[in-house]
Amino acid sequence: MSSSVAPAAAQPDPRPTLTVAAGTTPRAALESAAAAGVAGSDVNGPSGAVVVRDSAGALRDLDVPFETEDTVEPVAIDSPDGLNVLRHSTAHVMAQAVQELFPNTLLGIGPPVENGFYYDFLPSRPFTPEDLSAIEKKMTEIIKAAQRFSRREIADDDARSELAHEKFKLELIGLKGGGEADSPEAGNYTASELDAEEASQVGGGRLTMYDNVNKDGSLAWTDLCRGPHLPTTRRIPAFKLMRTAAAYWRGDQKNEQLQRIYGTAWPSKDALKEYLNRLEEAAKRDHRKLGVELDLFSFPDELGSGLAVFHPKGGILRRELEGYVRQRHIDEGFDFVNTPHISKDGLFHTSGHLPYYADTMFPPMDLEGSEYRLKAMNCPMHNLIYRSRGRSYRELPLRLFEFGSVYRYEMSGVVHGLTRVRGMTQDDSHTYCTPEQAPGEIKLLLNFLLGLLRDFGLDDFYLELSTRDPNSDKFIGSDSDWETATAVLEQAALDTGLELVPDPGGAAFYGPKVSVQARDAIGRTWQMSTVQYDFNQPARFELEYQSSDGSRQQPVMIHSAKFGSIERFIGVLTEHYAGAFPAWLAPVQAIAIPVSDDQIDYLLDVAATLKKAGIRVEVDASSERMQKKIRSAQQAKVPFMLIAGAQDVDNRAVSFRYRDGEQRNGVPIEQAVAEIADFVARRVNSSPTAADFGAGTGPRS
Ligand SMILES: [Zn+2]
Ligand SMILES: [Zn+2]
């Protein structure tokens with residue numbers, strides 16, 4: 001029977017829907033569609049299909065015949081699912097290469113991850129960098145051999161005897177075998193993540209083995225896996241092994257320590273090259289590295305993981321940022337409040353954070369017969385301020401703001417520079433309002449925080465709407481409350497005109513949220529600000545206001561953090577600007593460099609004038625040579641460099657040198673001071689250049 005072809009409905013980039021007849025393979029359907037000229041049915045090339053999605057949503061191998069007729073959609077190698085299949089299949093090839101080179105190595109799991117894959121191994125000795133090169137070489141041979149990934153169903157007991165030598169795989173069989181047969185869920189490999197709950201999802205009565213079969217039909221290698229995979233190893237266009245790391249079996253420190261090898265794989269050599277360039281660029285911008293180089297902040301071991309100290313220059317960044325944010329909140333009608341860092345833990349039971357979120361909070365401290373907790377969120381304390389006296393509808397909306405210090409327990413493996421910390425300062429606000437006021441308040445907050453991000457030079461964003469998972473018991477509150485809250489947030493988000501991406505299941509337990517995802521200078525996305533609609537905490541704290549008819553009503557509460565946390569925002573800004581902060585934010589805005597020691601006193605006078613104009617300026621009076629001083633100032637990414645030689649002293653002038661190396665000579669002092677002060681006052685986010693102030697004279701050699 002031939003395959004029929006129908007166009008998929010209402011999709012921006014239509015993928016054809018194909019029928020796979022009983023006893024035939026998806027490949028046969030794709031090939032006859034391709035022969036009929038149907039777009040999207042190719043099985044080769046950088047956008048060719050590597051698996052199909054069946055009508056139940058499961059991904060299926062191209063070459064495994066269907067038992068019953070079904071409709072399928074091709075999944076291209078460069079689609080998110082296709083990339084997962086590519087990367088997971090590359091993990092297989094890596095494991096095969098490892099076992100060929102190091103025969104006694106035991107296998108853990110090998111799932112795809114963002115931008116790549118890993119596989120966990122128990123080798124007889126740790127892998128070396130030379131080993132990785134050898135493994136890559138072996139992988140290239142396996143890819144060239146065009147081995148088929150051949151699927152074979154197997155009974156649990158047969159799998160047990162076939163894998164008797166692989167103790168970790170045996171454990172997986174125990175987790176996965178014997179379940180009810182249900183259709184496999186897309187993207188879940190045997191290797192899927194580590195907890196039993198997820199592993200049982202992967203279940204389904206039928207275990208499968210994947211044999212790698214050579215062109216001559218001989219068996220090259222076998223792995224227990226639910227698949228699906230690429231049709232052959234040859235379909236891996238480009239890969240690279242990245243690094244090794246230690247990892248505990250099933251992520252549990254009580255288990256055996258394994259060796260993890262990370263790799264990456266892409267649909268073309270160009271895509272791989274682009275990715276490696278992006279990594280290199282990201283490494284240059286790494287805020288942890290720049291934090292040391294620019295003397296901004298550090299993470300002393302004595303304090304503990306995820307706890308930063310800000311040095312004077314980082315302190316200036318904080319001061320500028322907080323000052324600006326503080327003023328903007330005043331302008332927008334927020335009241336400032338202040339709350340302590342610790343509280344009796346009953347408060348967090350009232351709010352509902354305990355007991356469910358205990359593992360994200362620091363453990364309790366016993367004091368005078370009470371248990372105290374470091375606060376992980378400010379809202380419960382703001383609720384107490386709201387509740388401190390009776391409230392009238394006339395006071396609403398009431399907008400409480402605080403730079404609130406909070407502490408969260410992040411696992412040490414997750415802590416990362418300033419972007420994942422254990423102690424942070426949130427620019428946190430809680431708006432209490434009537435349900436009727438809520439849409440307007442949410443709109444105000446969204447526009448306010450988008451404006452703030454733009455003021456700091458982040459202007460490429462999309463929004464994400466996080467909603468509850470109706471099948472989870474993590475979320476509290478009635479269906480109708482959730483529906484109302486979600487609709488209000490969704491409308492406000494749509495009204496911004498920005499792209500809105502759904503995030504099902506991503507809501508906080510007390511209500512849905514809209515978050516702003518900002519793209520930085522090299523296209524990476526950072527979750528920044530959030531606006532959350534909460535009907536739960538007002539009920540749990542019995543918050544009330546007297547309405548115009550005298551009745552007691554419950555307000556709605558809207559949580560909003562503009563930058564998320566000051567620490568994280570500084571981390572993101574450091575990477576966005578690669579440390580070359582806008583002049584208005586830069587810790588040192590201008591540095592004065594004498595051509596020789598004879599101009600030091602003159603430049604100290606110029607610096608005094610600049611200081612009077614509010615500019616943060618330094619004079620480099622060190623004994624280094626001028627060229628060395630210029631290089632240091634460039635490395636410190638100072639926006640304005642002022643150079644003076646004997647002639648400049650005679651003319652009461654300075655020469656400007658900018659970050660890009662351009663130079664302007666003989667600018668009179670008053671004009672130089674006015675230009676810098678004006679540029680800073682205008683909060684221009686781009687680096688100053690000669691062109692901003694008229695002609696440049698080209699770089700001085
Ligand atoms: Zn697999
Ligand atoms: Zn809150």
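How many bridges join β8 to strand β13 (residues 257-266), and in which sense do the two strands run? The count is 5, and the strands run antiparallel. Helices (H or I, at least four residues) and strands (E, at least two) are DSSP runs, numbered from the N terminus. Two strands are called paired if DSSP finds at least two bridges between them. The model is a predicted one: local features need pLDDT of at least 70, side-chain atom pairs count only at pLDDT 80 or more, and totals for chains, interfaces and linings use all residues. Residues are numbered from 1 along each chain as its sequence is written, while chains are lettered from A and ligands numbered from 1 in the order in which they are written.

Strand β8 covers residues 116-122. Of its 7 residues, 6 are buried. A residue counts as buried if 20 or more other C-beta atoms lie within 10 Å of its own, as exposed if 12 or fewer do, and as partly exposed in between; C-beta atoms are placed from the backbone.

Strand β19 (residues 370-374) is joined to β18 by 3 bridges. D366 stands opposite E371 of β19.

The UniProt record, an unreviewed entry, annotates residues 317-582 as "domain: Aminoacyl-transfer RNA synthetases class-II family profile". UniProt positions are given in the numbering used here, feature names are shortened, and annotations may be inferred rather than shown by experiment. Over residues 317-582 the chain is 30% helix and 27% strand. The end C-alpha atoms of this stretch are 11 Å apart.

The unreviewed UniProt entry also places the feature "binding site" at C379, H430 and H559. These residues span 181 residues in sequence, yet no two of their C-alpha atoms are more than 7.7 Å apart, so they gather at one spot. C379 lies in helix α11 (residues 379-386). It is buried because it has 23 C-beta neighbours inside 10 Å. Contact here means that the C-beta atoms of two residues, placed from the backbone, lie within 7 Å. Leaving aside neighbours within four places in sequence, C379 is in contact with S351, H430, Q537 and H559. H430 belongs to strand β21 (residues 423-433). With 25 C-beta neighbours inside 10 Å, H430 is buried. Outside four places in sequence, H430 touches C379, H382, L400, M557, I558 and H559.

The largest nonpolar core has 83 residues. Such a core is a set of buried Ala, Val, Leu, Ile, Met, Phe, Trp, Tyr and Cys residues joined through C-beta atoms within 7 Å. Residues with the most contacts inside this core are I442, L446, L489, A590, A592 and L642. Helix α12 (residues 438-455) supplies the largest share, 9 residues. At least three residues come from each of domain 3 (297-576) and domain 4 (590-681); the domain bounds come from an automatic or database domain assignment. A590 touches L610, I615, V617, V638, F640, L642 and I676, not counting residues up to four places away in sequence. Another core, of 55 residues, lies apart from the largest one and includes A49, V75, M94 and A95.

W221 is found in strand β11 (residues 219-224). Because W221 has 18 C-beta neighbours inside 10 Å, it counts as partly exposed. Beyond four places in sequence, W221 is in contact with Q96, Q99 and N212.
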